[in-house]
Structures are given as structure tokens and as C-alpha cells.
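Here is a short briefing to read alongside the structure. Please keep the viewer open while you go through the points.

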Amino acid sequence: NDPIERGSRAVYDGDIASVLITEQQINDKVGELAKQIDEDYGDLAGGDLVLVGVLKGAVMVMTDLARALPRPAQLEFMAVSSYGSSTSSSGVVRILKDLDRDIAGKHVLVVEDIIDSGLTLSWLLRNLAARDPASVEVCTLLRKPDAVRVEVPVRYVGFDIPNEFVVGYGLDFAERYRDLPYIGSLDPKVYTSGT
Ligand code: 5GP
Ligand code: MG
Ligand code: MG
């Protein structure tokens, strides 16, 4: 079985200043995280683990993590909008799409693409905790330096990255680049040229 062949993303090439994390590195890391998570949870009372992915950025890591996990997990998605500019968030959050199911008594693992200020996540954790789950933990693929200053318990972190604006593997700028298979830092010319 050959892996699915990736389409060419040459059209993006000039916009990416450098590749920060390759597809292979992401793949290896997601595999490690999945193994660690599976060990940590052990035998679960209360049924399957519930993965809660935050749309749209977490969609790639969510699907890869779910497939790498050696145990069954249910996939739930939430969409929230944090008021703010396209490159930073304010912590004021509105739910655009809520979970489809009740999580009372469930073990919930929030899956995030990136934590920067942590404001969105801290709001989300308060919101989820109010629904009486058995537990809530967080797994994020990427974490920026500012995130360590926030009181948000993040149990699983893929990569700590420098304070650059990154795109790819779910992360966008103006809805583009989510479909890149790797994580790259966006050339500042892209967001200063006003497209
Ligand atoms: P926080 O509330 O932690 O500051 O922001 C988290 C959200 O901001 C992420 O889910 C993402 O949408 C956006 N974000 C923060 N840093 C970056 C980045 O470097 N690149 C992209 N594409 N989005 C980012
Ligand atoms: Mg996110
Ligand atoms: Mg975005």
C-alpha cells in the first residue's frame, strides 16, 4: 500500500520563508504523542476517549492523531471564533459550532493546532469543564513562547516553536496554506502586501 501521494504545492513556494517542521517530523511526533497518550490513559472507565478538535486549524493533527492512536476514540469538533486580528487573538470567544454530543462522564482530550497566548484555550477549558466530563486534557501540536506564561495545563506538546507566524498542516493565513503537508514560516511579505 503506497501512501497517498501529495499534490504539488509549488504555487505556495515563494510565500514560505523556511520549512520549520517537515512532514516526516510531524508524522514521527504524532506517532510518539499517540503512544504516550495511549499509555497514560490505561483502561478507561466511561467508554471511549473523546477527542475534541478545534476547527479548522486542528483538523490535520486530529485526523492523524486519531489514526495513530492504538485505541478507539470518538471524534468531536468545535468551532469558535476569537475576536481579534488574523494574526492574534483576544480571548473573547464565541461558539460557532458546538459539540454534537454530551461529554458528561467522558474522558476528553482537546486537540489543538497551536497555542500562542492561550486565551482561546483557557476559555474553552472553562467551557468544557462546566459540562462535567470525567477528565479534560490538552494535546497541542505546536506551542509558542508566550504560552508558557499562561496558566493552562497542556499535557501533550508536539513542538515548541519560536515566535514566528507559521502556516501549513491546518494552519492558515486568510484561509490559505492549510493544505500544506509541512509547517513553514510565512514570508512577512505575504501579510504586509495586503492580499
Ligand atoms: P491563542 O488564543 O493561543 O493566542 O491563539 C490560538 C489561535 O491563534 C490558533 O488556533 C490559531 O488560529 C491562531 N494562531 C496563533 N499563532 C498562529 C500562527 O503562528 N499561525 C497561524 N496560522 N495561526 C496562529
Ligand atoms: Mg486552534
Ligand atoms: Mg487562522
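This is a predicted model: local features need pLDDT of at least 70, side-chain atom pairs count only at pLDDT 80 or more; totals for chains, interfaces and linings use all residues.

Residues are numbered from 1 along each chain as its sequence is written, while chains are lettered from A and ligands numbered from 1 in the order in which they are written. Helices (H or I, at least four residues) and strands (E, at least two) are DSSP runs, numbered from the N terminus.

**Confidence**

- The protein has a mean pLDDT of 91, where pLDDT is the predictor's confidence in each residue, from 0 to 100.
- A pLDDT of 70 or more is reached by 94% of the residues.
- The scores of the model are ipTM 0.95 and pTM 0.92.

**Helix 1 with helix 2**

- Two packed helices are described by the angle between their axes and the distance between the axes.
- Here the axes of helix 1 (residues 23-41) and helix 2 come within 9 Å and cross at roughly 55 degrees; axes are lines fitted to C-alpha atoms, for helices over the stretch in contact, and angles run from 0 to 180 degrees between N-to-C directions.
- Helix 1 and helix 2 are therefore oblique to each other (angles under 35 degrees count as roughly parallel, over 145 as roughly antiparallel, 65 to 115 as roughly perpendicular and the rest as oblique).
- Helix 1 contributes Val-30, Gly-31, Leu-33 and Ala-34 to the contact, and helix 2 contributes Val-61, Asp-64, Leu-65 and Ala-68; two residues are in contact if their C-beta atoms, placed from the backbone, lie within 7 Å.
- By class, six nonpolar, one polar and one charged residues make up this contact (Ala, Val, Leu, Ile, Met, Phe, Trp, Tyr, Cys and Pro count as nonpolar, Asp, Glu, Lys and Arg as charged, and the others, Gly among them, as polar).

- A residue is buried if 20 or more other C-beta atoms lie within 10 Å of its own, exposed if 12 or fewer, and partly exposed in between, with C-beta atoms placed from the backbone.
- Met-60, Val-61, Met-62, Asp-64 and Leu-65 are buried in helix 2, and the buried residues of this helix pack against helix 1, strand 2, strand 3 (73-82), strand 5 (107-115) and strand 6.
- In helix 3, the buried residues are Leu-119, Thr-120, Leu-121 and Leu-124; they pack against strand 2, strand 3, strand 4 (93-97), strand 5 and strand 6.

**Strand 7**

- Gly-158 sits in strand 7 (residues 156-160) and counts as buried, with 24 C-beta neighbours inside 10 Å.
- Leaving aside neighbours within four places in sequence, Gly-158 is in contact with Lys-29, Leu-33, Thr-140, Leu-141 and Leu-142.
- Val-157 is also in strand 7, but counts as partly exposed with 17 C-beta neighbours inside 10 Å.
- Val-157 and Arg-143 are 14 residues apart in sequence, yet 6.9 Å apart in space, C-alpha to C-alpha.

**Backbone details in loops**

- Leu-55 and Lys-56 are joined by a cis peptide bond, with omega about -5 degrees; Lys-56 is in the loop between strand 2 (49-55) and helix 2 (59-68).
- Asp-132, although not a glycine, has a positive phi of about 65 degrees; this residue is in the loop between helix 3 (119-129) and strand 6 (135-143).
- Asp-132 is exposed, with 11 other C-beta atoms within 10 Å.
- Ala-174 is not a glycine but has a positive phi of about 50 degrees, and lies in the loop between strand 8 (166-167) and strand 9 (183-186).
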